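Okay, everyone, thanks for coming. Let me put the structure up and walk you through a few spots in it.

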Amino acid sequence: MKKIYNHKAIGISKFKLNSSSFKKTLSIAGRLAGFLKKADIICLKGNLGAGKTVFAKGVAKGLSIKNAVTSPTFVIMQQYLSGKIPLNHFDLYRLDKIKDIADIGYEEYFYDDAVTLIEWPERLGKIFPKECLLVELKITGNTSRQILFSAKGARYQELLREFKI
């Protein structure tokens, strides 16, 4: 498990973990869920097949979400209300224009009392959250992934510090 530490006054801004399997990625995400709070935003970045939805499933499981999490590619967003904390799961892969997400009132979901997971967050352009936890998944083998966590803002530096311990 290789880790990169950038210590700042309140926490860590980046570190990496390696996952050798689907099950390990679910476990890492489930463990992260234990540190999440209402209104946290997790941005999931990676190529097709990198494991963004697998990571989202792990977070949902860690939040005790009862429903099976699937990729909301064709509906942009799905809500799961059955867990310890509600979950808003966005998949912006098919998003054509920022206006499309603005039309659904994204601010109401990004900044409400739920945890928000955003797949393909780079499609947000100028409305990309100023503070969030960016999770980049990179394919390193058939079942292995490198997961880079980057904190954007004090809340997420603290989250990474807690998660790392």
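So, the protein chain has five helices and seven strands; those are DSSP runs, H or I of at least four residues for helices and E of at least two for strands, numbered from the N terminus. From the N terminus, the order goes β-α-β-α-β-β-α-α-β-β-β-α. Keep in mind that this is a predicted model, where local features need pLDDT of at least 70, side-chain atom pairs count only at pLDDT 80 or more, and totals for chains, interfaces and linings use all residues. Residues are numbered from 1 along each chain as its sequence is written, and side-chain values use heavy atoms, with hydrogens and water left out.

Overall size next. The C-alpha trace spans about 40 × 40 × 30 Å along its principal axes. Of the 165 residues, 48% count as buried, meaning under 20% relative accessible area, with exposed being over 50% and partly exposed in between (1.4 Å probe, protein chains only).

Trp-120 counts as buried because its relative accessibility is 10%.

Ala-39 has a positive phi too, about 75°, and is no glycine either. You'll find Ala-39 in the loop between helix H1 (22-33) and strand E2 (41-45). Its relative accessible area is 30%, so Ala-39 is partly exposed.

Last stop, Lys-138: this one sits in strand E6, residues 132-139. Lys-138 is partly exposed because its relative accessibility is 42%.
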